[in-house]
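Here is a brisk report on one protein chain. Keep the sequence and the 3D view open while reading.

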Amino acid sequence: INRRSPDGYNSCCKECRNYRRRRAYHNSFKQEAHIMPLNENNKVVIQEALTTSNRIEIPCLDMKSNSSSTFVIESVDGTYRLEIFNRRSCDKDIFYTGQTDLFLLVATNLLRERSLRLFSPEQPHQILDWQFGSR
């Protein structure tokens with residue numbers, strides 16, 4: 001809420017505003033998972049993953065239950081398929097599109113709704129830092 005604006009709201013959400021403040025405070029434009037907002041972090045990790053291979057497993061953390069999962073993306077002939085595995089079940093959300101931008105939007109929204117934070121496949125140890133509070 002912003003009483004000074006015409007519509008009464010800020011132009012960005014609280015999480016994004018805090019991210020910008022932290023980035024300015026640290027004077028670092030390096031994108032780090034521990035200070036990036038959920039959607040920005042997930043978007044960056046997915047973009048990196050899509051450029052590496054046709055099938056990639058990305059470690060992720062469910063922020064609500066504090067449990068780890070795996071986010072799998074498969075790309076076959078311009079179509080994308082995504083799955084979310086946890087210890088108990090496997091959620092399959094199949095999404096067919098030839099547009100990477102549309103897939104990126106759908107995947108980040110799905111992850112935000114489920115409160116999942118992705119981590120770089122090269123640095124899965126960061127999940128432990130998040131789970132045990134040394135953020």
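Contact here means heavy atoms within 4.5 Å.

## Basis of the model

This is a predicted model, in which local features need pLDDT of at least 70, side-chain atom pairs count only at pLDDT 80 or more, and totals for chains, interfaces and linings use all residues. Residues are numbered from 1 along each chain as its sequence is written, and side-chain values use heavy atoms, with hydrogens and water left out.

## Overall layout

The chain holds four helices and five strands. Helices (H or I, at least four residues) and strands (E, at least two) are DSSP runs, numbered from the N terminus. Their order along the sequence is α-α-β-β-β-β-α-β-α. Take contacts between residues at least 6 apart in sequence: 45% of them join residues at least 24 apart.

Of the 135 residues, 32% are buried. Buried means under 20% relative accessible area, exposed means over 50%, and partly exposed covers what lies in between (1.4 Å probe, protein chains only).

## Nonpolar core

A nonpolar core is a set of buried Ala, Val, Leu, Ile, Met, Phe, Trp, Tyr and Cys residues joined through side-chain atoms within 4.5 Å. The largest one has 18 residues. Ile46, Ile58, Phe71, Ile73, Phe103 and Leu118 have the most contacts inside it. Two or more residues come from each of helix H2 (38–52), strand S1 (55–62), strand S2 (67–76), S3, H3 and strand S5 (116–118). Helix H3 gives the most, with five residues.

Ile46 shows how the parts meet. Setting aside neighbours within four places in sequence, Ile46 contacts Phe71, Ile73, Phe103, Leu104, Ala107, Thr108, Leu111 and Leu118.

## The aromatic pair

How many aromatic pairs does a search of the whole structure find? The search gives one. Tyr80 and Phe103 are stacked, at 4.4 Å centre to centre with 20° between the planes. The pair links distant parts of the chain: Tyr80 sits in strand S3 (residues 79–85) and Phe103 in helix H3 (residues 100–113), 23 residues apart. Rings of Phe, Tyr and Trp (its six-membered ring) pair if their centres lie within 6.5 Å; planes under 30 degrees apart count as stacked, over 60 as edge-to-face and the rest as tilted.

Tyr80 has a relative accessible area of 8%, and Phe103 has 0%.

## Strand S1 and its partners

S1 is largely enclosed by the rest of the structure, because six of its eight residues are buried. Two strands pair if DSSP finds at least two bridges between them. S1 pairs with S2 in the antiparallel sense over eight bridges. Leu61 has Ser68 in S2 as its bridge partner. The two strands form a hairpin with four residues between them. Asn66, in the turn, has a positive phi of about 60°.

S1 also pairs with S5, again antiparallel, over three bridges. Here Asp62 stands opposite Leu116 in S5.

Ser69 lies in strand S2 and is buried at 9% relative accessible area. Beyond its neighbours within four places in sequence, Ser69 contacts Ile58, Pro59, Cys60, Ile84, Phe85 and Asn86. Of these, Cys60 is itself buried, at 0%.

Ser115 is in the loop between H3 and S5. Its relative accessible area is 15%, so Ser115 counts as buried. Ser115 has a positive phi of about 55° although it is not a glycine. Most residues other than glycine have a negative phi.

Ser120 occupies the loop between S5 and helix H4 (126–131). Ser120 is buried too, at 14%. Not counting residues up to four places away in sequence, Ser120 touches Val45 and Pro59.

## Cysteines

A disulfide is a pair of cysteine sulfur atoms within 2.5 Å. The whole structure has zero disulfides.
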